[in-house]
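Subject: The structure you asked for

Hi there,

Have it open while you read, and my notes on what turned up follow just below.

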Protein chains: 4
Amino acid sequence: MHDQPVRPTPTRFAFLGPEGTFTEAALHSLGTPSEGGSVPAPSVPAALALVRAGEVDAAVVPLENSVEGSVSPTVDGLAAGEPLLITREVFLEVDFVLGVRPGLAPGEVTRVASHPHALAQTRGWVAEHLPGAEVVAAASTADAARLVAEAAPGAPDAAVCPELAAERYGLHVTARRLADTPGAVTRFVQVERPGRLPAPTGADRTTVTCSVPDRTGALLDLLTVLASRGLNLTRLDSRPTRQRLGVYSFTFDCEGHLADARVGDALVALHRLCDEVRFLGSYPRADGRAAAPVPAPLADGAFGAAQAWVDRLRAGAGG
Amino acid sequence: MHDQPVRPTPTRFAFLGPEGTFTEAALHSLGTPSEGGSVPAPSVPAALALVRAGEVDAAVVPLENSVEGSVSPTVDGLAAGEPLLITREVFLEVDFVLGVRPGLAPGEVTRVASHPHALAQTRGWVAEHLPGAEVVAAASTADAARLVAEAAPGAPDAAVCPELAAERYGLHVTARRLADTPGAVTRFVQVERPGRLPAPTGADRTTVTCSVPDRTGALLDLLTVLASRGLNLTRLDSRPTRQRLGVYSFTFDCEGHLADARVGDALVALHRLCDEVRFLGSYPRADGRAAAPVPAPLADGAFGAAQAWVDRLRAGAGG
Amino acid sequence: MHDQPVRPTPTRFAFLGPEGTFTEAALHSLGTPSEGGSVPAPSVPAALALVRAGEVDAAVVPLENSVEGSVSPTVDGLAAGEPLLITREVFLEVDFVLGVRPGLAPGEVTRVASHPHALAQTRGWVAEHLPGAEVVAAASTADAARLVAEAAPGAPDAAVCPELAAERYGLHVTARRLADTPGAVTRFVQVERPGRLPAPTGADRTTVTCSVPDRTGALLDLLTVLASRGLNLTRLDSRPTRQRLGVYSFTFDCEGHLADARVGDALVALHRLCDEVRFLGSYPRADGRAAAPVPAPLADGAFGAAQAWVDRLRAGAGG
Amino acid sequence: MHDQPVRPTPTRFAFLGPEGTFTEAALHSLGTPSEGGSVPAPSVPAALALVRAGEVDAAVVPLENSVEGSVSPTVDGLAAGEPLLITREVFLEVDFVLGVRPGLAPGEVTRVASHPHALAQTRGWVAEHLPGAEVVAAASTADAARLVAEAAPGAPDAAVCPELAAERYGLHVTARRLADTPGAVTRFVQVERPGRLPAPTGADRTTVTCSVPDRTGALLDLLTVLASRGLNLTRLDSRPTRQRLGVYSFTFDCEGHLADARVGDALVALHRLCDEVRFLGSYPRADGRAAAPVPAPLADGAFGAAQAWVDRLRAGAGG
């Protein structure tokens, strides 16, 4: 089953740039020597495109945030286009500082910039502490800091950004821990081209995206497929299929590895039931939660014994 | 899958005797030349034992009656002992006559005999028309007729039996259509030793017996396995497992043939979930009800395509 | 809910006779003074008819046996006719002796009689020890003993019966513990006319009979109704509806009391889903198995709070 | 059930401003005379706050878009804070034009502004036609047009906005139908303070938000509650609960009206099963899709008859 060549460890990386974002910090936390270099990409689709084109071995992009939920460009970018595989995940606690242009008092801030997700997570703080400031969306939190530093005409004069970005661009940190919900965590994933899957570890996660027919109970059927194999969902994201309101696709993470018999069995059932289904990877869990033990009827051995029994029956053996 | 030798048509039969019972009529209705002879067996277990011992090719026994339900000795006899396979089924409308010893007026009947199932099906008629008569259980309806004819001391003087049996033993038929519920039908099955299964016809039935763990929802899980493969139940029989009250085994018939992918998939799941499971055969339906068309996601092709997809994914292909 | 007059303790009983059967022993084990007398009835329907007619306060009849399963005449007798209620249950270990006509050696037995259920449970013993004997069905085990004692021409000369019956009729007990499966238990129920239900005890059982529409998944829906209220099945009996093969009715016991909110909620759902449904009683469990604790979302308080919330919403309150 | 005073038609409105947005167009399409005036609010939370404070009778806000899915500030704003009720819905096809500052050629555009949702829906067009332009997030599509018109230093010089906004601010429309997915539809809702619900029409929708316990199968249980009452989901939105990754709340729309027995029954069950549940309204569907007929077992009459039966049983009636 696994006789394809061993997947080489990636050495050339793209990440959601620019430099100084949480995504770069996530890349560093992977502990992989980026001997081949690491490239900031201007957007998630751009980072994924670099992988698809073979210009890098892997991209690191955010997939999910404990406050805002799934990161749509990543979900959409993995669901369409040439297939890619998630091969690792990493969790990072994220929080924000206010980086102000040096020489400016906090009360003088009139335009504050950040990435929309960061703005969403600091909505309350900004409304309270910068009530009159114009809020400007930037391509990334680090880009917001860069804009503040560059001080072009009309540029923002403060950024909601990681401390790393404020430091890198020489901004003055006037406030910390801006997040309305402290303790927010973002989950980043390493994405590669298809090939040999990471080896099962016993505490793995599998990610799948699929669209279900527009009929009563289709989502219920999908969840029953997973539940009847004891596969707990750890994320469920519903997205419109861009066809019409009321027709949704689903992306989910569940326990287990494609090499597990019960996961393979569930995917066979999903392939039959779904209009479309795409496997996005099986990889070790990094959230430190112990995997639930696999009940005996769902272990690989139970599947193997059951299939062997049916094969014998079909060959004419009794009982 | 089917390269085992072709199953020869049986020529030597056992049937639940004695001669003159509905079971013999069922055997005749199969239209198989009994060139090797047909042997009346004194009981269902005895008939099955003749098959297991190889003394006959097949046994014909009753499995289910539209009034009384499953025939316990058949269900129990197939569930235990050396494995056997049901290879055909036949339906027979059954009704009863009152066969009285010649020379006796109906009003003079004091002891009436029949098989307990027949007595159960004519309980109302007997209570109304023979209110004072002693009711005696016989080993079969035909045996009841024989006892009446032999007129031993203490023998019954009337039998509730098939018209065939009354004729064969020279009894006087004083009443017909004794069944409290007219139109009763009995389903008989032909049972053989394991070997090549009857070829799928597109309108087949599969019989399985299993016992489920003593936990909440175990039967629900079993039924969900079948329903999620679109396999309608056509019979469900629950029997105590002879261990203690509250622990049951189940025998059921469902649509489909073991050669169908969805039936095989269901059996794999049942093997994992059940404490014990025994396959009792796949064979053509004889009840004249059209099989429901198989929905596209449950067709053999859908299973094959889904399994091929998972195999490709495991080999490292994308998506 | 319970302002109907208190149900008086029954004092006049019918039981499945004749005297000396296990059913009489079950009646005695209830510990109720039968001040009004106890009447042996010739059959289960006859015993139930005495209750319906008001000639006795209650009947004691067998409902279920750990070897043979549900007792059909009781299941059928409760499912049709004027409604009755099960108000108590009692379990009795049953076993059989061979009662031989005094003066006869065991080897001289040529006809052995018993109730068909008893014959079924001693099939193996009789086949082994009385291989040549004619087996005769009697209306009851005690009746078999009576026939042996009366010694009419053609009468049986041995009975498979309770030891009590052998003693009462002066038979010679030549063998004990005849049951093929030792430790068999029969469950008897006390049946009364409708009226105030027995008070909930926290370890109760509820019995219901219903028929489901002839469509895919109907039984699955029925079981889902129970499972979603955490109501474990302790017995499930499927019986043909006497209409045609493949259409079944179900009688089941589950945990809980009609006074429990979750049981009432389940019955509301069953009434909607089933073609017919009949409530056969809620009464204390007598099997010594502790009732599982009711999960918080299924407790009476959770139902009350939820209904009050919906009532407030319908009245125009927010949230 | 509905004896609370009749809900007066709202006359004072807030809408997600500024003037010229699709939301204002949605308000107009309601056809309600805004005799009391209509107030643009700077954000969805601000619009909802005006309703809660009683300064307007109702707010019109976007809830769902056929391309981007649920509108988070609306979902979050309804799920927390003082309870509000959705009382109407309206669908509007949305598309965008490029409004350029007069005097500028399309090729001279260097900064293009719009609301992040609009930018997401025109990502492809902007990347293709304005590849070098900086993309700036504005508080609304109309605000983007205003910024372009005001031409402050550093201001954007083109806006992706509704044609209405381009006209209102005197921009030059250089391109139309910018949406990457043509035919996008946004669903807007009218939100009021609690009070009498809109009368059932037979084609209604009900909106609920709830959070489920962090255990296997909790979402499956939730969907089973709806499916077993025949309540089709028309939208399902999963959102992190802001506690930790993997714990989600769900907001959904389903068929039916709170006044329907089956909807009330489902809400009773959800209240028991969910950690939290909030009813967000029942109101007429405006999508022109016919409501599926209610199956007989789910009609109000079936619930009423079933409850009356259980009530009679509890009072001591038979059967």
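A polar contact here is a pair of N or O atoms within 3.5 Å; within protein, one of the two must be able to donate a hydrogen and the other to accept it, and residues adjacent in sequence count only if both atoms are side-chain atoms. By that rule, nine residue pairs are in polar contact across the interface of chain C and chain D, both residues of a pair being at pLDDT 80 or more. Please keep in mind throughout that this is a predicted model.

**Chains C and D**

Let me stay with this interface for a moment. Chain C brings 39 residues to the contact, and chain D brings 39 residues as well. The size of an interface is often given as the accessible area lost when the parts come together. Between chain C and chain D that buried area is about 3200 Å², with carbon and sulfur atoms giving 65% of it. Which residues of chain C lose the most area to chain D? They are Arg272(C), Trp309(C) and Arg314(C), which together make up 26% of what that side buries.

On the side of chain C that touches chain D, helix H9 (261-273), strand E15 (276-284) and helix H10 (300-314) each supply at least two residues. H10(C) gives the most, with nine residues. Sorted by class, that side of chain C has 22 nonpolar, ten polar and seven charged residues.

**Chains B and A**

Now for the contact between chain B and chain A, which takes 39 residues from each of the two. About 3100 Å² is buried between them, and 65% of this comes from carbon and sulfur atoms. Arg272(B), Trp309(B) and Arg314(B) supply 26% of the area that chain B buries against chain A, more than any other three residues.

The interface of chain B and chain A has zero salt bridges by the rule, while nine residue pairs are in polar contact, again with both at pLDDT 80 or more. The side of chain B that touches chain A draws at least two residues from each of helix H9 (261-273), strand E15 (276-284) and helix H10 (300-314) of chain B. The largest share of that side, nine residues, comes from H10(B).

How are chain B and chain A related? A rotation of 180° with 0.0 Å of shift along its axis superposes chain B on chain A, with an RMSD of 0.1 Å. That is the relation of a two-fold axis. Of the interface residues of chain B, 100% are also interface residues in chain A, so the copies meet through the same surface.

**Salt bridges within the chains**

Over all chains, the count comes to 67 salt bridges.

- Glu89(C) and Arg187(C) meet through their side chains in a salt bridge, at 2.9 Å from N to O. Glu89(C) is in strand E5 (residues 85-93) and Arg187(C) in strand E11 (residues 185-192) of chain C, so the pair ties together parts that are 98 residues apart in sequence. Glu89(C) is buried, at 5% relative accessible area, and Arg187(C) is buried too, at 1%.
- Arg146(C) forms a salt bridge with Glu150(C), and their closest N and O atoms are 2.7 Å apart. Both lie in helix H6 (residues 141-150) of chain C, four residues apart, about one turn of the helix. Arg146(C) is partly exposed, with a relative accessible area of 25%, and Glu150(C) is partly exposed at 48%.
- Arg177(D) and Asp95(D) form a salt bridge between their side chains, at 3.8 Å from N to O. Arg177(D) is exposed, with a relative accessible area of 56%, whereas Asp95(D) counts as buried at 17%.

In chain A there is also a network of salt bridges, which links Glu64(A), Glu89(A), Arg187(A), Arg205(A), Arg235(A), Asp253(A), Arg285(A) and Asp287(A).

**One more residue**

Arg111(A) lies in strand E7 (residues 111-114) of chain A. Is this arginine, Arg111(A), buried or exposed? Its relative accessible area is 12%, and because the cut-off for buried is under 20%, Arg111(A) counts as buried. Beyond its neighbours within four places in sequence, Arg111(A) is in contact with several residues, among them Ala133(A), Glu134(A), Val136(A) and Asp157(A).

Definitions and conventions. Residues are numbered from 1 along each chain as its sequence is written. Chains are lettered from A and ligands numbered from 1 in the order in which they are written. This is a predicted model: local features need pLDDT of at least 70, side-chain atom pairs count only at pLDDT 80 or more; totals for chains, interfaces and linings use all residues. Side-chain values use heavy atoms; hydrogens and water are left out. Buried means under 20% relative accessible area, exposed over 50%, partly exposed in between (1.4 Å probe, protein chains only). Contact means heavy atoms within 4.5 Å. Buried area is the accessible area (1.4 Å probe) that two parts lose on being put together, summed over both. A salt bridge is a side-chain nitrogen of Lys or Arg within 4 Å of a carboxyl oxygen of Asp or Glu. Copies are superposed by least squares on the C-alpha atoms of residues with pLDDT of at least 70 in both. Ala, Val, Leu, Ile, Met, Phe, Trp, Tyr, Cys and Pro count as nonpolar, Asp, Glu, Lys and Arg as charged, and the others, Gly among them, as polar.
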